[in-house]
Amino acid sequence: MKRILCVSAVAAAIGVAAQNPDTPTYNIEVFWTDTPPAIDGAADDACWKSARSVTGFQLLGGRGRLASMQAEVKLCYDADNLYAFWLLHEKDMKKLKAGPPDDMRDMINFAAGPDCLELFLDPGRSKKSYFQFIVSPGGARYDVARGVGRAYNPTSPDWKSRTALHADSWTVEIAIPFRALTIDGTSCGTPEPGAVWGVNFCRDQGRLREWSYWSPTGSSFGNPAKFGEAIFRGRKTGASLPSIKWDHENPMYYGPGTVALAAKPAGNALVLTYTLKRDGQAVDENTVPFEKNVAIPYHITRSGRWAMDVTIADDGKTVFTGRSQVMLPSTAEMLLEIKEKMDLARDKLTHFNHPAKADLERRLSRLNAAAAEPLTMLRKVDGLSREEWKALADALPELRDFWGGLRFDLHIVGLYPKGVNDVAFVVGSAGPYERVHRGDLFDGNLTDAITLSLAGGERESFQLLVIPFWQTLDGVTVSFSDLKGTRGTISKENCEANIVDYVHLGNYAKNEPDAPAYEPDILWPYTPFQATASQIQPVFVNVHLPPHTPKGEYRGTVTVSANGQRVSREIVVNSFGFDIPFVSSLHIDPWYTPNINWRNFYGNAAFTLEVYEEHLKVLSKYRHACFPLDHYAMGSFLTIYREADGTFSFDFSKWREVFRLGLKYGASGFGASFGCNGGAYSIFHRGSVVDRETGDRIPLSQILKEWWDTKPGWSKHPFYEKFMKEYVALLRETGMLGIHDFEMHDEPKSIPDWEAMINNHRYLRRITPELKMKNFGFAPDYAPGGIDAYGWADTWAPNLNHVTDDQLKQIYARRDKWGEKFMFYTCGMGVDPDGNTTPFILYDESYLGARMHGWIAWKLKADGFLIFAMTQTPRENSGKKTAAERFPTVPWESGFMKGNGTLVYPGPDWKLIPSMRLASARDGLEDYEYFKLLYDRLRYLSPQKHRTLIAEIEKELTIEPAIYQDKFHWTKSTDLLNAKRKRLAELIRKVDELMGISSQ
């Protein structure tokens, strides 16, 4: 009874109508707005001033106990969207976990206990399914549609949110189109007045171990049977609205059918506009009058995601939007493909002489018999009824499974060399960014030379595709010859093979049917390997052109051997005759954090200087040699002494070795803080101090106890100031000052964080004026609370997805005047309304996106960039007790990050395993050097004597819109990039030959 009294006391505030005190009903009235809110995170819109508000969040499983920090939620709607406004109270904004940036979609790490809100919607109050929308304080979004016990995984709904952080709260504004709330096989639209939906509002505060909800749902948020109710009331003034609802029983399907709606019109006659779409492309559209009922006809004979989008206007004003949607799997297309392939295979097998022929013919005959009746039905495809289509679809799964096991084996009959007996395999080739899946049907060339064009010091890649003929190949070897030309020889030692391995896309999938569950990316060091029957095995080849290689053509071979057979492919390398520099001209900050991220993977923290050098040997081949941005590693390499007089001293000898190794292998940027946020101080949080006289180790916690108790700030730290001064002296002495930057508060989004950053920068400016400060996340126009960072930032480093032309103008002006630098970073993938994506490194997006970073750096005149990140380890791969439980014994799991943060992999015994995406990023860095070399050569030319050549160079130094128009529109064509690079190379050579410059 105490719980009921507690709830009843706040019933008016929290939207409870307690009809039965033992089963309270939570409801919220939702009113129509004729003026939609601006989605800016602020509550100053008129609709919010009159909207009903609910609060009274209870702890998950807390039996009515209220959460310590409350939230208030309001809803309203119009014809297009449901709108929500959240006010989330927060006692200590400094401890708020802002989470990932707002360009991150579906990448919130719930295992990390983030702060976020969760909005649950059950359109029509089915009590069986729901949509879940999550927003973090940083603005990252997550969404999913679920039925009880399973995920529907529809297309990602197109919804908007915007957050704002305040002194003691954070606010969120959300707009969710009604059309986006359509699960395949259903219809959804603007709720009619009086409609009731299931709804719940929940809050995650993992750092406080508090999870709370408005409507109690038991032990889990995802219990739609216990959601509260959203009651759509129409206009609050009582002015009438048409009542419109869907009026068809069956979902859209193959064959003829209709999508129907019924209305009770108010005012003038309604006008309905519909668009029938297949995979987002309009197939049919029309505008018709609408009185009481309308039935929109369709006739579907092809697979795909079909959607009927409907808009209804009353006297020119939209009063209803909706969508009826279905995903129809391939039926007729699959059957016709099977028939076509069977016919081709039958013809090929007629003249085929191989021991595998009999088995293939037997399997083909079985398939032909099973497909006979469905193929007969397809002869009248346009006349099939809905019921006949269902019968056809019911027969397809068995055929599909049968065909899936046979298609590869039949396809490779066409690859078998004519007139040759007992061939075990062939070797195809592919570009370095092509994701070749094990079951792909290869139709490329098997004999042409593989041609590469590159400069000295550069590496270029291609893939060999080992395709076995109906048998597994054991002990497959790959070997190279020297590459010989008229002006010398390139040693075969410059050719390196890696075995391509696959990542399992375990807990997410693309929306397309039959999307692969595994994507290629992992590049294992070459050892003899197995090529499994009925699969392609890619081999990734890197070719290095040694510096000073004379211009010309060099020819050699790569040979694959197995089962007593050798297959050779010719390699042709065109040397441009000039070199790119060993050290990147761009400041590369790859966030290499092996000890932080891999110690949980390995179950220990055995990162050593020897391991670091082995990593550098690999990373340098991909132009990503770097220093550890790892406070665990660097803390273990630092010895702190307490002297007899009570002062402290620091043994930097191992840090000197880290710097020496990084520079030796070509590192071009140095994150001098070894981390950000708390990581920038972590070497003073853990570990011990050595007493110089006794040799005893004293826990840092004991020495810092008084400081920790009083928290006076870093300026009062027992040895922080001395350390920073000596550290900067070390950077000066070792030559690191020229390539360093120091980051304190990464992506500071709250006013307290921003103020703390300014204060820390001010303090460091005073004690170490040579230290160069940077913070990823902001540009010069960013000034929360009206506080700007002018003078406190030496490098501006905004997210690429947020960079604006106005910001760039300010950045360029400040760089010209003050020498402040400009970097950008990518940490997540942006998507525009048309589905175009920003360049990034996700497994299921174009691998060319990593290469584009170098081109964007030139386009935006950046001094460097960060692709987040290098060594992140999804939690699915960590915490395994034995080697048998973890990668590589089991596949690498993509995790919710989908490749974000993982450009290399942890191999056995701290080996660093590169990736195809890392090779792509390397290629972009090498492309950048072509632009830089050509630009630098302009200084040799006379404006009077070489006017035409200068104009040609300046034109080529501009990146065309066909290559990069903006962050959402960029080329996916390797050929286009390589053609541009070749033109740059030809102009470099032209200037060199004209001016007698030695390119070597």
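In what order do the strands of the open sheet of three strands lie? The order is S17-S18-S21, and the pairing is antiparallel.

This is a predicted model, in which local features need pLDDT of at least 70 and side-chain atom pairs count only at pLDDT 80 or more, while totals for chains, interfaces and linings use all residues. Residues are numbered from 1 along each chain as its sequence is written, and side-chain values use heavy atoms, with hydrogens and water left out.

**View 1. Strands S17, S18 and S21 form an open antiparallel sheet.** Strands are DSSP runs of E with at least two residues, helices are runs of H or I with at least four, and both are numbered from the N terminus. Two strands pair if DSSP finds at least two bridges between them. The edges are S17 (243-246) and S21 (293-300), each pairing on one side only. Neighbouring strands of this sheet are turned by 20° against each other on average, direction ignored. Axes here are lines fitted to C-alpha atoms, for helices over the stretch in contact, and angles between N-to-C directions run from 0 to 180 degrees. S17 meets S18 (residues 255-264) in the antiparallel sense over four bridges. Look for Ser-243: its bridge partner in S18 is Lys-264.

**View 2. Four strands form an open sheet with mixed pairing.** The order is S38-S37-S40-S41. S38 (648-651) and S41 (697-699) are the edge strands, and each pairs on one side only. The twist averages 35° from one strand to the next. S37 (residues 639-642) and S38 pair in the antiparallel sense over four bridges. Thr-639 has Asp-651 in S38 as its bridge partner.

**View 3. A salt bridge joins Glu-643 and Arg-692.** A salt bridge is a side-chain nitrogen of Lys or Arg within 4 Å of a carboxyl oxygen of Asp or Glu. Here the closest N and O atoms are 3.1 Å apart. Glu-643 sits in the loop between S37 and S38, and Arg-692 in the loop between S40 (688-691) and S41, so the pair ties together parts that are 49 residues apart in sequence. Buried means under 20% relative accessible area, exposed means over 50%, and partly exposed is in between (1.4 Å probe, protein chains only). Glu-643 is partly exposed, because its relative accessible area is 22%. Arg-692 is also partly exposed, at 42%.

**View 4. Asp-184 forms a salt bridge with Arg-305.** The closest N and O atoms are 2.9 Å apart. The pair links distant parts of the chain, 121 residues apart. Asp-184 lies in the loop between S12 (169-177) and S13 (186-189), while Arg-305 lies in S22 (residues 304-314). Asp-184 is partly exposed, with a relative accessible area of 27%. Arg-305 has 14% relative accessibility, so this residue counts as buried.

**View 5. Asp-927 and Arg-981 form a salt bridge between two helices.** Their closest N and O atoms are 3.9 Å apart. Asp-927 is in H17 (residues 916-937) and Arg-981 is in H19, 54 residues apart. Both Asp-927 and Arg-981 are buried. The two belong to a network of salt bridges that also links Glu-458, Glu-460 and Arg-851. The count for the structure is 50 salt bridges.

**View 6. Phe-723 and Tyr-727 make a stacked aromatic pair.** Rings of Phe, Tyr and Trp (its six-membered ring) pair if their centres lie within 6.5 Å; planes under 30 degrees apart count as stacked, over 60 as edge-to-face and the rest as tilted. A search of the whole structure finds 71 aromatic pairs. In this one the centres are 5.5 Å apart and the planes are at 20°, so the pair is stacked. Phe-723 and Tyr-727 are separated by about one helical turn, because they are four residues apart in H13 (residues 720-734). Both Phe-723 and Tyr-727 are buried.

View 7. Trp-855 is in H16 (residues 848-859) and Phe-931 is in H17, 76 residues apart. Trp-855 counts as buried, because its relative accessibility is 0%. Phe-931 is buried too, with a relative accessible area of 0%.
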